[in-house]
Amino acid sequence: MNKQEALHLLRTTPLFWSRLGFCYDPPLYHENGERIVFNDTYSEAKTHADFTAAGVTLHTCILDSGWVGIDTYDYTLCDRVLHEVFEVGKAAYYIPRIKLNVPQDWCAAYPEEVCVYEDGPRDAEGVRALVDTLKQDILGYDSEVGYYNANGWQDTRPNVGGVIARQSFSSKKWLADAGEALRRLIEHLENGPYGDRILAYHIAYGTCGETIVWGRQSGRFPDYGVSNRRHFLAWGLKKYGSEAALRAVWGDCGEESVPPSVVREPKNEKGEELWRDPKVGQWAVDYDLFVNECSIDAMEHFGKIVKEMTDDKPVGVFYGYIMYVERSGCASHLGGYERVLNSPYIDFFAAPKPYRRSEPGEPGGEMCPVTSVNARKLWVDECDIRTHLATGDAKHSHSRGKSDTESMLLRELCKNLAHNSGLWFMDLGGNWYDDAEIMAFVQKLNGVASKVCEKKHRFASSVVAIVDEQSMLWTPPARNRRMEHLWRNFNLCGAPCNLILSQDVERSDLSQTELVILLTPYCLDKPYIEKLRGLLPSNAKILFVGESAALQGVKYMEYPDDEFIDLRLPAQQGIAPLCRDYKGVCTVGVLESGDILAASTCLDVNAASKIFTYAGVTRTAPIECTVYRDNRLVGFFPREDVCFVPDIPEGVTWRDVLTGEEISRGAELAIPARGARAFYIE
């Protein structure tokens with residue numbers, strides 16, 4: 001199977017992920033010398049077999065890299081997992097997720113290459129003294145119960161208050177040593193009994209293996225390690241050409257080079273988050289771009305190794321968490337989309353679904369501008385749905401019973417099919433799918449995917465939202481939280497919505513677009529807006545969202561204030577007049593031309609719906625209902641009870657994907673709150 005065939009399979013065929021092989025990272029051992037894994041009984045192998053029986057034959061899970069110490073490799077756990085996947089689970093193909101974080105003796109041997117938080121030591125010996133103590137954050141996030149294992153093996157080491165972590169993302173020593181570990185593992189796999197059934201390789205490192213910088217999830221600020229400070233200073237000197245030019249932009253940064261937290265996330269005396277200060281904010285923006293660049297360097301370094309050793313098998317990474325994430329810049333996930341989408345060493349991207357606003361009746365969503373990703377690469381969504389059998393994880397559990405489980409699973413399938421993405425079902429806790437009725441439903445969903453993907457995908461949305469990475473680099477975390485809520489409200493307005501990157505407007509088909517939502521417009525200038533306007537139909541509206549940063553020195557669109565007028569829309573629309581207050585938030589209004597609107601990030605669903613009405617958006621369902629749709633299927637997922645007559649064109653048939661029932665043209669469709677219906681479009 002060549003690379004393109006493998007990627008087509010990933011796009012059109014659901015996978016299954018389990019915690020099979022989920023082990024302590026860094027390697028940790030029982031008193032008897034055996035590796036600590038979180039599921040010693042390997043009951044997950046039975047679930048793999050159940051999914052295979054349901055027709056889901058592409059499998060994935062964490063595969064131990066075998067790198068257990070400096071120049072020390074042990075593939076015992078790796079081989080055991082492979083045996084369970086193929087011999088017990090009967091998988092047809094397998095994608096190993098390979099974590100390339102360093103073992104603990106590496107941290108002690110190379111302390112200058114270790115990630116350090118803002119309140120940690122600045123010298124190598126100070127770092128070395130904290131390795132293997134409770135002052136080392138080995139997970140990348142604070143957890144009083146230690147390693148997350150979802151009702152499995154219980155960690156006895158609290159992971160709270162660490163001041164050092166593990167490898168710096170800028171470490172050249174890490175790249176060399178982890179690269180050698182990866183080469184050895186690939187050789188072991190490709191020359192083993194299952195080499196021709198390894199479909200692709202999924203590279204992982206950092207917090208949770210998701211290429212996330214250590215500490216970001218707990219609001220910690222890295223990386224003040226010895227070599228990282230030196231690397232960042234060299235990066236800055238290369239960018240600006242001289243120390244004088246650098247200091248003109250960064251200010252008097254001293255020898256620290258890495259900006260402090262007060263520059264990276266400024267706050268006022270009340271503790272409220274502020275926009276980055278333009279006088280010193282470029283220093284923080286540059287650091288985010290540097291960390292992002294280091295992480296992409298690592299992805300490409302490891303991806304190139306895979307390509308060279310496997311005759312170009314697909315390579316996947318976790319990247320691009322810019323939606324539903326508060327600190328995507330600090331996480332090394334912001335500012336590099338153009339590079340990764342053009343990289344010859346990266347073929348697909350993945351992320352968990354959002355864990356907030358994902359219960360039945362909510363839109364769910366993705367952490368990325370999925371339309372842009374799928375136009376050039378492949379997005380594979382992690383369908384981490386806690387079924388009604390999940391226990392011990394109330395924070396993420398949304399399912400009250402079997403119907404809720406089925407509603408969420410159907411929504412995730414329709415979402416990804418409509419967006420031309422792949423997905424994997426996930427059992428992170430164990431026994432979430434240990435039920436004959438759930439597995440029968442999974443089998444139905446697998447059949448739906450097969451039937452839908454027989455037909456070539458085309459997007460079917462008249463609403464397009466745009467996110468701009470440069471703008472997001474200046475915004476405070478609170479603004480991203482509000483954007484998440486607003487995007488959710490737009491998706492509940494009864495019309496399918498697509499999300500793209502600002503640089504992709506010329507690559508996108510906007511010919512049927514009725515409304516463009518600029519979710520992050522702060523660095524989009526007048527020439528950009530004029531270019532966008534020229535790509536849209538004459539009747540399309542453009543909506544600017546959120547607070548302006550102009551008074552804080554951040555470049556906003558270069559329209560003079562006098563072009564904006566207070567204009568009350570027709571009373572029946574119920575929309576407030578324009579209030580363009582740079583210090584506060586915009587409500588809603590229009591330019592004199594009538595085709596540009598402005599809206600607050602605080603809009604509720606009703607206000608968002610009124611904007612759709614004013615813009616003339618063609619809706620497929622009423623308000624309070626999410627719609628996922630392309631040319632092949634349409635799915636409805638209401639938050640409230642809905643009853644409506646769907647607009648089925650003459651000569652087109654809608655057939656229920658689960659029951660085969662045809663819905664007659666002109667007939668009412670009633671769906672209860674938290675319910676779900678989906679139809680083939682024939």
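The views below show a predicted model.

View 1. A polar atom of the K307 side chain lies 3.1 Å from the backbone oxygen of K313. Beyond neighbours within four places in sequence, K307 is in contact with K3, D312, K313, P314, V315, P344, Y345 and D347.

**View 2. The crossing of helices α7 and α10**. Helix α7 spans residues 226–240 and helix α10 spans residues 281–310; their axes come within 11 Å and cross at roughly 110°. Angles of 65 to 115 degrees count as roughly perpendicular, and α7 and α10 are therefore roughly perpendicular to each other. On the α7 side, the contact involves N228, H231, F232, W235, K239 and Y240, which meet Q282, W283, D286, Y287, L289, F290 and E293 of α10. Sorted by class, this contact comprises 7 nonpolar, 3 polar and 3 charged residues.

**View 3. An open sheet of 5 strands**. The strands follow the order β20-β21-β26-β23-β24, and their pairing is antiparallel. The edges are formed by β20 (625–629) and β24 (662–663); each has a single partner strand, so one side of each is left without a neighbour in the sheet.

**View 4. Strands β21 and β26 with helix α13**. Strand β21 (residues 633–638) pairs with strand β26 (residues 677–681) in the antiparallel sense over 4 bridges. The bridge partner of F636 is R677 in β26. Helix α13, residues 402–418, lies across β20, β21 and β26 and runs at about 140° to β21.

Notes: Residues are numbered from 1 along each chain as its sequence is written. This is a predicted model: local features need pLDDT of at least 70, side-chain atom pairs count only at pLDDT 80 or more; totals for chains, interfaces and linings use all residues. Side-chain values use heavy atoms; hydrogens and water are left out. Axes are lines fitted to C-alpha atoms, for helices over the stretch in contact, and angles run from 0 to 180 degrees between N-to-C directions. Helices (H or I, at least four residues) and strands (E, at least two) are DSSP runs, numbered from the N terminus. Angles under 35 degrees count as roughly parallel, over 145 as roughly antiparallel, 65 to 115 as roughly perpendicular and the rest as oblique. Contact means heavy atoms within 4.5 Å. Ala, Val, Leu, Ile, Met, Phe, Trp, Tyr, Cys and Pro count as nonpolar, Asp, Glu, Lys and Arg as charged, and the others, Gly among them, as polar. Two strands pair if DSSP finds at least two bridges between them. A polar contact is a pair of N or O atoms within 3.5 Å; within protein, one must be able to donate a hydrogen and the other to accept it, and residues adjacent in sequence count only if both atoms are side-chain atoms.
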